[in-house]
Amino acid sequence: MICQHEEVVAASGVRITWMQIPAQVRAGIEGIIGGGAVVTAVSQSGGFSPGTADRVVTADGRRAFVKAVSSIQNERSPSLHRAEAQVVGQLPSNSYVPALLGVYDDGAWVGLVFEDLDGHTPALPWNAAELEAAMTTLRQMAKEFTPNPVPNLPSVTRFYATVFAGWERIRSEPPADLDPWARDHLDDLCRLAARGLACLAGDSLLHTDVRADNLLIRTDGMVAVVDWPWACTGASWFDQLLLCVNVDLYGGHDPEKLVLHYLETVNRDDITAALAALCGYFTDVARQPPDPGLPTVRVFQRAQARSTLSWLRRRYPT
C-alpha cells in the first residue's frame with residue numbers, strides 16, 4: 001500500500017528573523033563568526049522553533065548557520081538550544097553533523113553558530129534517491145557513533161519513559177474522538193508500548209527526531225543530520241525506523257517494504273512495539289493545549305498520530 005495521508009502539513013513553525021534579535025545579541029553572535037557585521041541573513045524554513053534559523057554572510061564573506069531564541073518566543077526553547085550545544089559540541093569530528101562554531105548565551109538569549117553547508121531538505125513526497133542517501137547516512141552514523149561518544153547522555157528507556165506512556169494516559173482518560181480501533185485495543189496498545197520502550201535499549205547515539213526537516217541533502221550527495229536537543233543512547237535502528245515513519249507520513253513508498261529492506265535484521269515484533277509507543281505519544285500529545293509560540297506543532301502531531309495508527313493497524317495481528 002502506497003499512500004499519502006490526508007491533510008499532512010509541513011513540519012514548519014513561525015519564526016522570528018535575524019533583525020528581530022536584539023542588537024547586543026546580534027553583536028555577540030557576529031563576534032563568534034568573525035569577519036564583521038552580518039550583511040546577509042536568509043531565514044530557513046522547516047522545524048518548529050520560534051527562534052531564528054538563518055544562513056548568514058558577514059562583511060568579509062564568512063558564512064555560518066545561526067539559530068537564536070529566548071524564552072519570550074517559547075519558555076522551553078532556550079533550554080533545547082543549550083541541550084543541542086552540549087551534544088554537538090562534544091561530538092568527535094565527523095561528516096554527518098554540522099560543526100558547532102560557538103555558543104552565545106546571556107541567560108535570556110541563546111544563539112548557536114554552526115558551519116553552513118550547501119544543500120536542501122528532502123523533496124516531499126520522498127524520492128528514492130534521497131531516501132537511500134538519508135538511510136545510508138543513518139546507518140553509517142549508527143556504526144560510527146556506537147558506542148555513544150557523547151558522555152552523560154540519558155538512555156532512551158529513561159529519557160522517553162514518560163513520553164512513551166501515551167496509551168496509558170489515554171486509557172485513564174480516553175478522549176471522545178479516540179479512533180474506535182484504538183479504543184477497542186487499548187490494553188494491547190499499552191502492553192505493546194511498554195515493550196517498545198524496553199526494546200529500544202542500546203549503546204548507540206540516537207537523534208530521536210529524524211524527519212525530513214532535520215535532514216540536509218548536501219550538494220555532494222551526502223546527508224547532514226541537524227537539530228540534536230533530544231539526543232540519547234539506545235538501539236541503533238531506532239533513528240532508521242523514525243525515517244520510515246516520516247516517509248510513510250508523506251507517502252510515495254510502502255513502509256513495510258522499507259522495513260524489510262532497511263531493518264531486515266530487527267525483530268518484527270520489536271518494530272511493531274516501537275511503532276505502538278510512537279503512535280501513543282503522537283495521539284496523546286496532539287490532544288494537549290497549544291504550546292505557546294508553536295502554533296503549528298499540534299496539527300503536525302495529529303497528522304503523525306493518524307499515519308502511525310494506520311501503519312500500526314496494518315501490522316497488528318487480526
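**View 1. The cavity.** The structure, a predicted model, holds one cavity of 30 Å³ or more. A cavity is a set of points on a 1 Å grid over the protein atoms alone, where a 1.4 Å probe fits but cannot get out. About 50 Å³ of space lies in the largest cavity; a volume is the space filled by probe spheres set on grid points joined across faces, edges and corners. Its lining, meaning residues with an atom within 4 Å of a point, consists of L138, M141, A142, S204, L205, L206, S236 and D239. Two elements give two or more residues each: α3 (128–144) and β7 (204–206). Helices (H or I, at least four residues) and strands (E, at least two) are DSSP runs numbered from the N terminus. By class, five lining residues are nonpolar, two polar and one charged. Here Ala, Val, Leu, Ile, Met, Phe, Trp, Tyr, Cys and Pro count as nonpolar, Asp, Glu, Lys and Arg as charged, and the others, Gly among them, as polar.

Residues are numbered from 1 along each chain as its sequence is written, and side-chain values use heavy atoms, with hydrogens and water left out. Local features need pLDDT of at least 70 and side-chain atom pairs count only at pLDDT 80 or more, while totals for chains, interfaces and linings use all residues.

**View 2. The second largest pocket.** This pocket has a volume of about 330 Å³. A pocket is an open set with protein on both sides within 12 Å along at least five of seven lines. Of its 14 lining residues, D177, L178, T283, R302 and A305 are the closest to the centre. Two or more residues come from each of α5 (166–172) and α11. Helix α11 gives the most, with four. The lining has eight nonpolar, one polar and five charged residues.

**View 3. Y96 and F145.** The count comes to six aromatic pairs. Rings of Phe, Tyr and Trp (its six-membered ring) pair if their centres lie within 6.5 Å; planes under 30 degrees apart are stacked, over 60 edge-to-face, the rest tilted. Y96 and F145 pair edge-to-face, at 6.1 Å centre to centre and 85° between the planes. They link distant parts of the chain, 49 residues apart. Y96 sits in the loop between α2 (77–88) and β4 (100–105), F145 in the loop between α3 and α4 (156–159). Y96 is buried at 6% relative accessible area, and F145 is buried at 0%. Buried means under 20%, exposed over 50%, partly exposed in between (1.4 Å probe, protein chains only).

**View 4. W181 and Y316.** This pair is also edge-to-face, with 5.5 Å centre to centre and 85° between the planes. W181 belongs to helix α6 (residues 180–184), and Y316 lies in the segment after α11 (297–315). The two are 135 residues apart, and both are buried.

**View 5. The nonpolar cores.** A nonpolar core is a set of buried Ala, Val, Leu, Ile, Met, Phe, Trp, Tyr and Cys residues joined through side-chain atoms within 4.5 Å. The largest has 80 residues. W126, W167, W228, W237 and L243 have the most contacts inside it. Contact means heavy atoms within 4.5 Å. Leaving aside residues up to four places away in sequence, W167 touches L178, A182, L186, L189, C190, A193, A276, C279, G280 and T283. A second, separate core of 14 residues includes W18, I29, A68 and Y104.
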